[in-house]
Amino acid sequence: MTDPAPPTDSAPSPAATTIARTVQHSLEAERRDLPTQAELERRTRELRYREAVDQRWLRLGVGAIVFLLSAGWLAADIVLTLAAGWGELDGRPFKLDSTVIVAFLTTSTATVIGLFLVFLRWLYPQVTPSG
């Protein structure tokens, strides 16, 4: 049996040349669209600025929530202390054991201080020196 003849170099089909031209054109367009170093630096600065602004608003919101929560908690401490001292709350008799009052005031004070410490450490993180 004889080997079939190798294919002759005929002209490429029109579809193949169209695909090749399209690929080549796309590659050239991609190379043209690559950002310069200055453009990358500008974009980086812009993103860092946006991140700083977003972080500022987030910290402001969380700070307001922590403040309101702490203020409400301390107001409850004051109301409890006054009600226990006067023996009535909203015109009705109010009596709590002294251990309950001490436990409530101690834990609420520790919680409020802890909330502020956590928030302040998040707001002002400690920067470790590199070296």
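Visitor: Is leucine 68 buried or exposed?
Guide: Buried means under 20% relative accessible area, exposed over 50%, and partly exposed in between, with a 1.4 Å probe and protein chains only. Leucine 68 has a relative accessible area of 59%, so the label is exposed. As for ground rules, this is a predicted model, where local features need pLDDT of at least 70, side-chain atom pairs count only at pLDDT 80 or more, and totals for chains, interfaces and linings use all residues. Residues are numbered from 1 along each chain as its sequence is written, and side-chain values use heavy atoms, with hydrogens and water left out.

Visitor: Which elements give two or more residues to the nonpolar patch?
Guide: Patches take residues with over 30% relative accessible area and no salt bridge, joining like charges within 9 Å and nonpolar side chains (Val, Leu, Ile, Met, Phe, Trp, Tyr) within 5 Å. Here Phe67, Leu68, Phe116, Leu120 and Tyr124 make a nonpolar surface patch of about 550 Å². The elements giving two or more residues to the nonpolar patch are H2 and H3.

Visitor: How far apart are the end C-alpha atoms of helix H3?
Guide: Helices are DSSP runs of H or I with at least four residues, strands are E runs of at least two, and both are numbered from the N terminus. The expected span is 1.5 Å times one less than the number of residues, so the 26 residues of H3 (98–123) should span 38 Å. That agrees with the distance between the end C-alpha atoms, 37 Å.

Visitor: What helix is included in what covers the buried residues of H3?
Guide: In H3, the buried residues are Ile101, Ser108, Val112, Phe119 and Leu123. Their cover includes a helix spanning 37–86, namely H2.

Visitor: Which residues are linked in a network of salt bridges?
Guide: A salt bridge puts a side-chain nitrogen of Lys or Arg within 4 Å of a carboxyl oxygen of Asp or Glu. Arginine 42 pairs with glutamate 39 at 2.8 Å between the closest N and O atoms, and with glutamate 46 at 3.0 Å. Arginine 50 bridges to glutamate 46 at 2.6 Å; these two are 4 residues apart in helix H2, so about one helical turn separates them. The network links Glu39, Arg42, Arg43, Glu46 and Arg50.

Visitor: Where is aspartate 90, with its positive phi?
Guide: Most residues other than glycine have a negative phi. Aspartate 90 has phi near 60° and is exposed at 66% relative accessible area. Its place is the loop between strand E1 (88–89) and strand E2 (92–93).

Terms used: Contact means heavy atoms within 4.5 Å. Accessible areas come from the Shrake-Rupley method with a 1.4 Å probe; for residues, only the protein chains shown count as cover.
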